[in-house]
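The sequence and the structure come first.

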Amino acid sequence: MSNVRRVRRLGRPVMASAAVTALTLTASGCVTVHGEREIVPSATKSEAKRALDDFLKAYNAADKAYDPDLDAARITGPLGAINQGGLKSRHVQHPDGNAGHVPLELTDAKFSIPKKAGWPRWFMADTQANRRSQLRWLWVFTKSGPDQLWRATYLNLVSPQKMPELKKDADGFAVPVPQSAKNLALSPSDLGEEYTSYLKSGGDAFEPGDHTSRWKAYRDRNGRRAGLAVQYIDEPQNGGAFAPLGLRTRDGGALVFFSTRHYEKQTAFKGLSPKVDADAKALLKGEVRQSLMLDRVSNQVVVDPKKPDGGKVAFLGRIQGLTGAKGE
């Protein structure tokens, strides 16, 4: 079974665990801001490449120093929450910086740039990295206005064999999918709600796999640990820089990025207390006497089939990271 990827810092290989292994973005071309109605490419290829290079430079500086301030201006949304949480935790544990830093290198970048009107705008970069070289690193960048910076917003690692072919328009640009698209198995705006509902109660909207059936089964078992009661609270994240973004595939479906937040509350039986690992301890607020609340942000990428086909939503990748911890 492949593993969910839990990123502490993007520069090191993602950690494996079998089951835990700005802006309201509208992907359609119908946003009107400051009277801008013309549908145009979100970026040129040279602009997209420069955005990727600028982010990578800032990311490597932040990773080397374990200083979240060094890339805060170049990152946002779920990826920003994961990255900043990981850097803050690592900084507490290693205040002198990252002694094992190896710069992240991205090559073979392929850009999928949709056309849209107004702001915000966005594009996807499909890259090779000098880690986990068998996987493609899919980055989504967003920009909230003409005077704003491009910021990395989503990241997922995907097997190239599983990547769907994206649809292109007559000019070679990617085709965006509206959040409210009704011709898909699930509208992009409903993915977060359906996924969090699935993790609680099950259902048949998603293909079985590591991020659905096996993760749910793990959490169900994990809730009955000896001496400890574990509760999960899952929330969709559809607002601002956490909004879903999708591109049409050639077969009429969509490649969609969306985000969720997951709380794990561990309550110990009388006379006991939950164990706090180093990552959580570095972010901990309060004192762990009987309970510990862990806050994680997750971003995922799925293939959402077109509705008449009767297919289910299939996960291509998911990355989550610890963003907070609270003791009581």
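A polar contact is a pair of N or O atoms within 3.5 Å; within protein, one atom must be able to donate a hydrogen and the other to accept it. The model described here is predicted.

Aspartate 169 belongs to the loop between E8 and strand E9 (176-177). Aspartate 169 counts as partly exposed because its relative accessibility is 24%. Not counting residues up to four places away in sequence, aspartate 169 touches Lys115 and Val175. Proline 114 lies 55 residues from aspartate 169 in sequence, yet the two C-alpha atoms are 9.1 Å apart in space.

Lysine 115 is placed in strand E5 (residues 115-116). The side chain of lysine 115 has a polar contact of 3.4 Å with the side chain of aspartate 169, and one of 2.6 Å with the side chain of aspartate 171. Beyond four places in sequence, the residues in contact with lysine 115 include Ile39, Val40, Pro41 and Ser42, and also Phe173, Ala174 and Pro176.

In soluble globular proteins, nonpolar side chains tend to be buried together. In this model the largest nonpolar core has 29 residues, and those with the most contacts inside it are Leu104, Phe123, Trp139 and Phe141. The most comes from H1, with 6 residues.

Which residues does phenylalanine 141 contact, leaving aside its neighbours within four places in sequence? They are Ala51, Leu52, Phe55, Arg121, Trp122, Phe123, Trp150, Arg151, Ala152 and Thr153. A second, separate core has 16 residues, among them Ala181, Ala254, Val302 and Phe315.

**Aromatic rings**

There are 15 aromatic pairs in the model. Two of them are set out below.

| Pair | Centre to centre | Angle between planes | Geometry |
|---|---|---|---|
| Phenylalanine 55 and tyrosine 59 | 6.1 Å | 25° | stacked |
| Phenylalanine 123 and tryptophan 150 | 4.9 Å | 65° | edge-to-face |

Phenylalanine 55 and tyrosine 59 are both in helix H1, 4 residues apart, or about one turn of the helix. Phenylalanine 55 is buried, with a relative accessible area of 0%, and tyrosine 59 is likewise buried at 0% relative accessibility.

Phenylalanine 123 is buried at 0% relative accessibility. Tryptophan 150 also counts as buried, because its relative accessible area of 6% is under the 20% limit.

One aromatic cluster is formed by Phe55, Tyr59, Phe111, Phe123, Trp137, Trp139, Phe141 and Trp150.

**Charges over rings**

Two arginines lie over aromatic rings. The charged end of arginine 121 sits over the ring of tryptophan 119, 4.0 Å from the ring centre. Arginine 219 lies over the face of tyrosine 232, at 4.3 Å from the ring centre.

**Helix H4**

Arginine 219 is also one of the buried residues of helix H4 (residues 213-222); the others are Trp215, Lys216 and Asn222. Why do the buried residues of H4 line one face of the helix? Seen down the helix axis, they fall within an arc of 125°, so they line one face. Their cover includes helix H3 (188-201) and the strands E10 (228-237), E12 (254-268) and E15 (314-327).

**Glutamine 300**

Glutamine 300 is part of strand E14 (residues 291-304). Is glutamine 300 buried or exposed? Glutamine 300 is buried, because its relative accessible area is 0%. The side chain of glutamine 300 makes a polar contact of 2.7 Å with the side chain of serine 298. Not counting residues up to four places away in sequence, glutamine 300 touches a set of residues that includes Asn156, Tyr195, the run Val256, Phe257, Phe258, Ser259 and Thr260, and also Phe315, Gly317 and Arg318. Phe315, listed there, is also in the second core.

Conventions:
Residues numbered from 1 in each chain as written. Predicted model: local features only at pLDDT ≥ 70, side-chain atom pairs only at ≥ 80, totals over all residues. Heavy atoms only, no water. Core = buried A, V, L, I, M, F, W, Y, C linked by side-chain atoms within 4.5 Å. Buried < 20%, exposed > 50% of the residue type's maximum accessible area, 1.4 Å probe, protein only. Helix = DSSP H or I, 4+ residues; strand = E, 2+ residues; numbered from the N terminus. Contact = heavy atoms within 4.5 Å. Arc of directions from axis to C-beta. Phe/Tyr/Trp six-rings, centres within 6.5 Å; stacked < 30°, edge-to-face > 60°. Lys NZ or Arg CZ within 6 Å of the ring centre and 35° of its normal.
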